[in-house]
Amino acid sequence: MNKTFYLNKLKEKILLLNKNFPKKNLVFSDGNKNAKIMIIGEAPGRTENKLKIPFVGRAGKVLDRLLYSISLDRQKVYITNVVNYRPDKNRKPNLSEINLFKKYLFNHIEIIKPKFILLLGSTAAQAVLGYQGPLNLIIGKFFEKKIINTTLKIMIIYHPAYLLRQPRKIKIVNKNLNTLKKYIN
Ligand code: URA
């Protein structure tokens, strides 16, 4: 399958949703489209909207450090968000936005065909796993989910932006990522 072709088609479809996010740029993805690990965040922030690349602001720096701690970098993973436009006033995406983008996200996963999905925070957990309960109950656990035709392994960790507010939680994330590292090796 020609991933670039299908990714461009997907981008065109998501560009049509721009009418719901006036004056915002499409922030589609970053990293390696042939990576085994796909990372899914929430939605772009101010810097991401400006540069049109996910996770390039403060939370992105945290994400880069977390990846580095388990010998990964952006060439070894593929990164996107549930919602591909920055919601107004930096708010979290609401349920109708999550539901609107979900089918495009699943299409995105189908094109990339990762072996493993790392979800960052509650919006990603809600979109991919349909989970709406307390995050601490599912942090660091492995899930399996059939997405379109493939059964994928999934883990959820705290969102890097949350770690900026709650730096003490980094210990938990490091532990989760070490488990992930053992699994992918
Ligand atoms: N937070 C996200 O969830 N995604 C980004 O791209 C940046 C910050």
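The largest cavity of this predicted model is lined by Ile109, Glu110, Lys113, Ile147, Ile148, Thr150 and Leu152, a cavity being a set of points on a 1 Å grid over the protein atoms alone where a 1.4 Å probe fits but cannot get out, and lining residues having an atom within 4 Å of a point. Its volume, taken as the space filled by probe spheres set on points that are joined across faces, edges and corners, is about 40 Å³. Helix H4 (95-112) and strand S6 (150-157) each contribute at least two residues to this lining, where helices (H or I, at least four residues) and strands (E, at least two) are DSSP runs numbered from the N terminus. By class, the cavity lining comprises four nonpolar, one polar and two charged residues, with Ala, Val, Leu, Ile, Met, Phe, Trp, Tyr, Cys and Pro counted as nonpolar, Asp, Glu, Lys and Arg as charged, and the others, Gly among them, as polar.

The largest pocket, an open set with protein on both sides within 12 Å along at least five of seven lines, has a volume of about 640 Å³. Of the 27 residues that line this pocket, Glu42, Ala59, His159, Ala161 and Arg165 lie nearest its centre. At least two lining residues come from each of helix H2 (46-51), helix H3 (58-69), helix H5 (121-129) and helix H6 (160-165), and H6 gives the most, with four residues. The pocket lining divides by class into 10 nonpolar, nine polar and eight charged residues.

Among the polar contacts (pairs of N or O atoms within 3.5 Å), an oxygen atom of the ligand lies 2.7 Å from a polar backbone atom of glutamate 42, and an oxygen atom of the ligand is 2.9 Å from a polar backbone atom of phenylalanine 55. The protein covers 92% of the 230 Å² of accessible area that the ligand has on its own, as computed by the Shrake-Rupley method with a 1.4 Å probe.

Residues are numbered from 1 along each chain as its sequence is written, and side-chain values use heavy atoms, with hydrogens and water left out. Local features need pLDDT of at least 70 and side-chain atom pairs count only at pLDDT 80 or more, whereas totals for chains, interfaces and linings use all residues.

Definitions and conventions. Polar contact = N/O pair within 3.5 Å; in protein donor to acceptor, adjacent residues only side chain to side chain.
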